[in-house]
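Here are a few friendly notes to read alongside the model. They start with the overall chain and then turn to one helix pair.

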Amino acid sequence: MPLLAIETTCDETAAAIISQERRILSSVVASQDELHARWRGVVPEIASRAHVERIIPIIDQATNEAGIQQSQIEAVAVAIRPGLIGSLLIGLSAAKAIASSLQVPLIGYDHLAAHLYACRLAFGEELQYPAIGLVASGGHTSLFQQHSPIALQALGGTIDDAVGEAFDKVASLLGLGYPGGPQIEQLAQNGNPRSHRLPRPLANDSSRLDFSFSGLKTAVRYRVWPPQAQHARSLTDQERADLAASFQQAAVESVVAKVGLAIQKTGYRVVTVGGGVTANKVLRSALEDLGKRHRATILIPPMNLCTDNAAMGAIAWEHIERNDIANLELDARPNIYRKKQPVR
Amino acid sequence: MSSNESVESSRTVTCEIKNLDDLHQLASRIVKHLPQSALVTLQGELGAGKTTFVKAIADSVEIDPAHVTSPTFNLITIHESPENTIRLVHADMYRVTDPDELIETGWDTALVVPSEYRCWAFVEWPQKIASALPAHRLSITLKVTGESSRQLTIKGTGTNYEQIPMLIMQSS
């Protein structure tokens, strides 16, 4: 019998039904992008309120689409970290209520490990451990090494902005809407990625696997609004496209450089990738090229498994198979853990 | 700006910093004069260096600045100094549109600390929650003056803060 997975870490309210064979029987995602578009970013209060309104209908829809009754659910899984605390607590409360009323096991899983586990759903046994994991999204830019699906060891992460956050903020500087990623990608198609020499902070520092995007964002700001000027310049369409293309190129190269370095340092030849920024086609193809150069297998799931979803909550089966079951004391943890393992 | 601010007395100083070294030097002077429990707001455009400023503060109290990342996504992050004597609350109101949304950040619980602690809250984009902010605070405004240079305006409002701008300028 299948499990119900619930995901409310940030924008998306999502629920999925997954069998122990890791077959996705249903996967429902209600995106809040439209609500947030007005604010050029995720608005947490709106996020929480929308989660409250949507969580039960979404769960009902997931069970209906899977063709099962709630009573057939064998376990309830929920993403408990990291994310917005208000949003996390709504998913967690729903999961606890359902698990305790059905008297089935409750499992708390890590949202980032689940993003990487989406590769198991998309590629099955092609995913062999140890592996390197890259999560690139609006809230995260992190590299991990993994010896098992549920064990994450941080190799590095952003020291300032997440890459998706940089896309959103640069989009805002260029007068584009939210979410910024798709709009920058579209605008960049008409631009020359070599037109502006923008910084790639940390990208060439081979001593660490960390990322930095704040300096890149500021450099774009200087092009739009030079330091000594009183006002921002009004850019032509071509200037905006060139700037978007140059920014995208710098951001993608910064990410890819560290994945390459992680392959060299660990010697691992499997890279799992997750997070909404992998929707970016320039990043996808740059990662694929990197894989060819390093003879590494780069696993990038299809888009619907890269952005936030609950199907990746299939990782809960790994917890169940290891007898890692939670109780009703289970708590949400908003912050990302920062302890690093030394890389030999 | 909150309406009751005008009745509080305040002092303002302005300093020009040429580069990151200057910023770190200034940060180490500021932390010497912060009260045991302090509220500091940071205003400035995208790229003005608000998070970079908090990194410099963190560095001067031996919190790893690499761990001080933009709180835009999670709204609030909490850092503790090595001996757990200083709690640094780093908040970002960029995405907040209504002061009522502050409850989402866990802001109130973050500021409750044992009395032997020092607890300093640095709030980016305070203008988003202006009406919910106490008038007594240190308000820092960062202005871009060049590729690496910034002008910082430091304003102390209220009894515990009024003297701080002058003390910062006098100390070395």
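In what order do the elements of chain B run from the N terminus on?

1. The order is β-α-β-α-β-β-α-β-β-β-α. Chain B has four helices and seven strands, taken as DSSP runs numbered from the N terminus (helices H or I, at least four residues; strands E, at least two).

2. A word on conventions: this is a predicted model, where local features need pLDDT of at least 70, side-chain atom pairs count only at pLDDT 80 or more, and totals for chains, interfaces and linings use all residues. Residues are numbered from 1 along each chain as its sequence is written, chains are lettered from A and ligands numbered from 1 in the order in which they are written, and side-chain values use heavy atoms, leaving out hydrogens and water.

3. Of the 172 residues in chain B, 56% count as buried, meaning under 20% relative accessible area with a 1.4 Å probe, protein chains only. The chain exposes about 7300 Å², and carbon and sulfur atoms supply 49% of that (Shrake-Rupley method, 1.4 Å probe).

4. Now the helix pair: α1 (residues 20–33) and α2 (residues 50–60) of chain B pack at about 60°, their axes 8 Å apart. That angle makes α1(B) oblique to α2(B), since oblique covers what is left after under 35 degrees (roughly parallel), over 145 (roughly antiparallel) and 65 to 115 (roughly perpendicular).

5. On the α1(B) side, the contact (heavy atoms within 4.5 Å) includes B:Leu23, B:Ala27 and B:Ile30. Among the α2(B) partners are B:Phe53, B:Ala56 and B:Ile57.

How values were computed:
Axes fitted to C-alpha atoms, helices over the stretch in contact; angles between N-to-C directions. Buried < 20%, exposed > 50% of the residue type's maximum accessible area, 1.4 Å probe, protein only.
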